[in-house]
Amino acid sequence: MMAVVQRRGIRQTTGGARWSLLVLIGFVGMLPVWWALLGQLLEHREAYTACSSGAPPGTVGSLENLRFHADSTFLPAGRRCVYDMADGSTQAWQTGWPSTIWALSGTGVCLLVLVVCWLSWRRMSPMQRMLVHVAAGLAVLGWVAIASFAALN
């Protein structure tokens with residue numbers, strides 16, 4: 001149920017439970033993006049240990065001195081290990097796809113909530129409209145942080 005208040009010819013809504021649920025869905029959609037950033041940070045922290053312990057057979061070097069390169073990646077938000085192989089080729093191993101898929105899905109939910117907010121502009125209270133935009137902005141900020149961290153490392 002939504003109450004409508006008439007003041008000096010201006011129609012103003014006080015919101016409703018369904019619009020508050022829309023705000024909540026926007027914030028829940030933003031969470032996987034930050035979860036992917038956390039996963040990227042943790043993957044980078046353990047990159048050299050994980051890459052050296054998971055080396056494929058035929059990697060150049062001994063067990064203590066393998067030749068590989070590890071870095072953080074943007075898409076997927078995770079870690080990539082590139083190994084030099086004995087036959088002169090390279091082999092890559094990439095992590096982070098599950099969290100990136102969840103983050104992309106959450107971003108899609110945020111964008112959908114934002115479009116519904118724009119289409120229902122007059123029916124939502126100003127605070128609800130602002131919170132939907134904050135959730136979408138935090139999702140974008142999360143992707144910027146993921147990209148920045150991958151570019152720095």
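Which helix gives the most to the nonpolar patch? Before I answer, a note on the source. This is a predicted model, in which local features need pLDDT of at least 70, side-chain atom pairs count only at pLDDT 80 or more, and totals for chains, interfaces and linings use all residues. Residues are numbered from 1 along each chain as its sequence is written, and side-chain values use heavy atoms, with hydrogens and water left out.

The answer is helix 1, residues 17–45, with four residues; helices here are DSSP runs of H or I, at least four residues long, numbered from the N terminus. The patch covers about 410 Å² and is made by Leu 21, Leu 24, Ile 25, Val 28 and Val 109. Areas come from the Shrake-Rupley method with a 1.4 Å probe.

I turn now to helix 3. Its 23 residues reach 33 Å from first C-alpha to last, close to the 33 Å expected, that is, 1.5 Å times one less than the number of residues. The buried residues of helix 3 (under 20% relative accessible area) include Ser 99, Gly 106 and Cys 110. They pack against helix 1 and helix 4, residues 126–152.

Thr 107 lies in helix 3 and counts as buried because its relative accessibility is 17%. Its side chain reaches the backbone oxygen of Ala 103 at 2.8 Å. Leaving aside residues up to four places away in sequence, Thr 107 touches Gly 29, Val 33 and Trp 143, with contact meaning heavy atoms within 4.5 Å.

Methods:
Helix = DSSP H or I, 4+ residues; strand = E, 2+ residues; numbered from the N terminus. Buried < 20%, exposed > 50% of the residue type's maximum accessible area, 1.4 Å probe, protein only. Polar contact = N/O pair within 3.5 Å; in protein donor to acceptor, adjacent residues only side chain to side chain. Patch = residues over 30% accessible without salt bridge, like charges linked within 9 Å, V, L, I, M, F, W, Y side chains within 5 Å. Salt bridge = Lys/Arg side-chain N within 4 Å of Asp/Glu carboxyl O.
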